[in-house]
Amino acid sequence: MIIVGGGKGHFEEPRISSPLADTPQWHDLLAARNSYYRNLTPELQAEFLKRTRLLTGRFHWISGDHHPITPDMKLLVSASAVQLLFGRPDADLGHYNTIVLYQDAYQNRLTLNYHKGEVNKREIVLSFKHFEEGYANDTDKVNLGLHEMTHALDLGTFLGHGKSYIGRRLLDNFINKAYPHFTAFQNGDTTFLRSYGATNFREFFAVVVEHFFEAPGEFTQQMPELYRELCLLLNQDPAAGIYRGISPTRFPNLDNNTPLPWSESAPTRHLTAISPHSNVTIKVLVSALIFFIYCAAQNGPHSLYLNLPFIVLLGGILWPTLVGAKQYLAITDTHFVVLSFRKKQKQAIHLKNIVMMDFERGLTHQSIYVCWFQQHQIQESVFKFNLSEDASHKLRQHLNSCGVTVMVDGKYESR
């Protein structure tokens, strides 16, 4: 549940609990209470424990009803956040660093209703009784911890990070791909998902995450396309027993991004582009060169002779700068390629691996953000070039024809 209003009005006289101390029973507790943790390899379990300990220390823990918050409670709640983000070490919950725990359902002062959990603008609030029930039955597709942590991931990404943050781009891509499934669900096209998910898209997102972890096998059969989008967003595939990365057998379209053997005769579409920083340097040098030539011409041959060394020096700097700034963007049938001015390959990304590309127009250049997979890990590259609007439009058209999701200034471009 998401509550839009402020945070601290929903509990009285909160008491901050003591910090969590290291204990050797962590592994045994998680192995007994968290089936996701039990399914991990020993190496991944060690990483899971480390991330849980760090996250537990980061959270500010508050008791909403004056009951003490035990180390075990902190550990289990933190583990639900780590489970959600385990495939994405780069991701976090944004500005959410406060957890308010109640022993049972509590009355919210804004709605006057009794809630089991919520996420407002400042805090994650949970009834620990209902949190435990979610992990006690890990096949009923109801998990309060995962549900509310998904809200925190959603709002934390939306409110706390700029456009260049890779998590925001992945979430934008998921929303774009998942929204048709949401509208179909509201129209009654599927009975697989819990009905609460039809409330709004944010509740839909939280509900499908619960199903993703608690019924992954059934999910792949009932809604395979939506399951695939969740795999791409969270970078894990629990149905295949993969908790870091995605299955190449489930997603055969992904390429391993092996180096592209570049040849001038390869069928491509070329675009010449100039680095914006070099472009500014070129303008300054050209202006200075014109100024010296003008001053020398105004003062006669003798002045021209005196200024000749400066003119030669500026020309010597300008020429390699002009040549070195020249770069190429090339699109083959399979790759998006960035080439140097001598047409040496700088970077090649397989088109099938691109999650999305965003063309952001500035005053002096265009920034091209590329979100893509490299050996089943999420990567982001940013290229800044001076492209004409016509050249940029043709490039986007070709990318669209190759099935690449394209955005312009944060808005999806229709194919």
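Glu 118 stands opposite Val 125 in strand β7, within a pairing in which three bridges join strand β6 (residues 117–119) to β7 and the two run antiparallel. Two strands are taken to pair if DSSP finds at least two bridges between them. A hairpin of four residues connects β6 to β7. Strands here are DSSP runs of E with at least two residues, and helices are runs of H or I with at least four residues, numbered from the N terminus. The model is predicted, so local features need pLDDT of at least 70 and side-chain atom pairs count only at pLDDT 80 or more, while totals for chains, interfaces and linings use all residues. Residues are numbered from 1 along each chain as its sequence is written, and side-chain values use heavy atoms, with hydrogens and water left out.

Strand β7 (residues 124–127) also pairs with strand β3 (residues 98–102). Four bridges join these strands, which run parallel, and Leu 101 stands opposite Leu 126 in β7. Both faces of β7 are covered: Ile 124 and Leu 126 on one side, and Val 125 and Ser 127 on the other, are all buried. Buried means under 20% relative accessible area, exposed over 50%, and partly exposed in between (1.4 Å probe, protein chains only).

Helix α5 spans residues 128–136, and its buried residues are Phe 128, His 130, Phe 131, Gly 134 and Tyr 135. Seen down the axis of α5, these buried residues fall within an arc of 165°, so they line one face of the helix. The arc is that of the directions from the helix axis to the C-beta atoms.

A helix-to-helix contact is found between α8 (residues 201–214) and α10 (residues 224–234), which pack at an angle of about 90° with their axes 11 Å apart. This makes α8 roughly perpendicular to α10, a term that applies from 65 to 115 degrees. Phe 204, Phe 205, Val 208, Val 209, Phe 212 and Phe 213 in α8 meet Leu 226, Tyr 227, Leu 230, Cys 231, Leu 233 and Leu 234 in α10, where contact means heavy atoms within 4.5 Å.

Two loop residues have positive phi without being glycine. His 66, with phi near 70°, is found in the loop between β2 (60–63) and α4 (71–85). At 36% relative accessibility, His 66 counts as partly exposed. Leu 112, with phi of about 65°, lies in the loop between β4 (106–107) and β5 (114–115). Leu 112 counts as exposed, at 57% relative accessibility.

How values were computed
Axes fitted to C-alpha atoms, helices over the stretch in contact; angles between N-to-C directions. Parallel < 35°, antiparallel > 145°, perpendicular 65-115°, else oblique.
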